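Subject: Handing over the structure

Hi,

Here is the structure I promised to pass on. Have a look at it, and then read on for what turned up.

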Amino acid sequence: MGANAQTAVPAFTAGQVLTAAQMTQINTGIPVFATTVTRDAAFDGAGEKVLAQGQFAYIEATSSLMVYTGSAWIVAGQTPGFVLVKSQIIGSAVSSVTVSDAFSSSYDNYRIIISGGVASANTEIRMQLGATTAAYYDCGALSTYNATTLSQNANNNQASWSVGQVSTDSLSGIIDLLSPNLAKNTHMTTTASRAQTTGAWISYGGYLANTTQYTAFTIFPASGTLTGGTIRIYGYANS
């Protein structure tokens, strides 16, 4: 952490005598944090300031000035279409990756970008929302680099969605989810590609036939394991 970085935003009480260190912290003006994790942990705890609309924070890791809107942190001075909600690193040789606290009432729709990793085999990437293992419907179109035909497939009332392709050379994909945290059917569309000379491009679409309000999801290969890479979740700004 830098010289100005802090891990709490204290709430002082009437008549409290402040130390030199506390006065120095106040003199930094906007509170400075090493990461968004230390920022989020610095509010709403015992003896800490309550997080409210209009709060500013500077993040060292991204050199960004952010402001809290009352429901989410955004980069100050911008009204982005996408707002980064969470980033999670994929471990080594894991059979699945669960991302918690990915969806909330702050956004109706989300984009998930997976990149930078590899797999132990060339296979599909599959996805589940929460603990639900039924009522997933999807269909897709697959084109390989060394073929002139387009393959199609459909899955009805399955335990998960097909959302992409992965290879021993690359792991990548873009997944759009509509209404995962609303009391509506969740709809999914994806675009992904698989590396290697026998690689493929694929697009999927589908929905989950229930109205559960989800906060988490799990991705996993149809066979084998995943290693490395990052999963980033972005909220589509509602206005």
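To start with a pocket: which residues lie nearest the centre of the largest pocket? They are T36, R39, D40, L84 and V85, and the pocket is lined by 33 residues.

Before the rest, a word on the source. This is a predicted model, where local features need pLDDT of at least 70 and side-chain atom pairs count only at pLDDT 80 or more, while totals for chains, interfaces and linings use all residues. Residues are numbered from 1 along each chain as its sequence is written, and side-chain values use heavy atoms, with hydrogens and water left out.

**The overall picture**

The protein chain has 2 helices and 17 strands (DSSP runs numbered from the N terminus: H or I of at least four residues for helices, E of at least two for strands). Its C-alpha atoms fill a box of roughly 75 × 35 × 30 Å along the principal axes. Of the 239 residues in the protein chain, 38% are buried. Buried means under 20% relative accessible area, exposed means over 50%, and partly exposed is in between, using a 1.4 Å probe and protein chains only. Take the contacts in the protein chain with a separation of 6 or more: 71% of them are between residues 24 or more positions apart (contact means heavy atoms within 4.5 Å).

The elements that give it two or more lining residues are α2 (36-41), β3 (64-68), β4 (73-75) and β5 (82-89). With 6 residues, β5 gives the most to this lining. By class, the lining has 20 nonpolar, 8 polar and 5 charged residues. Here Ala, Val, Leu, Ile, Met, Phe, Trp, Tyr, Cys and Pro count as nonpolar, Asp, Glu, Lys and Arg as charged, and the others, Gly among them, as polar.

The search ran on a 1 Å grid over the protein atoms alone: a pocket is an open set of points with protein on both sides within 12 Å along at least five of seven lines, a cavity is a set where a 1.4 Å probe fits but cannot get out, and lining residues have an atom within 4 Å of a point. Grid points are joined across faces, edges and corners, and a volume is the space filled by probe spheres set on the points.

**The cavity**

The whole structure has 1 cavity of 30 Å³ or more. The largest cavity has a volume of about 40 Å³, and its lining is made up of I114, I125, V163, G164, L171, S172, G173, I174 and I175. The lining divides into 6 nonpolar, 3 polar and no charged residues.

**Salt bridges**

How many salt bridges are there? The count comes to 3, where a salt bridge is a side-chain nitrogen of Lys or Arg within 4 Å of a carboxyl oxygen of Asp or Glu.

- D40 pairs with R39, with the closest N and O atoms 2.9 Å apart. D40 is partly exposed at 46% relative accessibility, whereas R39 is buried at 5%.
- D176 and R111 meet at 2.8 Å, N to O. D176 lies in strand β12 (residues 171-178) and R111 in strand β7 (residues 109-119), so this pair ties together parts that are 65 residues apart in sequence. D176 is buried at 14%, and R111 is partly exposed at 21%.
- E124 pairs with R126, and their closest N and O atoms are 2.9 Å apart. E124 is partly exposed at 22%, while R126 is buried at 12%.

**Aromatic pairs**

There are 10 aromatic pairs. Rings of Phe, Tyr and Trp (its six-membered ring) pair if their centres lie within 6.5 Å; planes under 30 degrees apart are stacked, over 60 edge-to-face, and the rest tilted. One of the pairs is F82 with Y234, edge-to-face at 6.2 Å centre to centre and 65 degrees between the planes. F82 lies in strand β5 and Y234 in strand β17 (residues 230-236), so the pair ties together parts 152 residues apart in sequence.

Cheers
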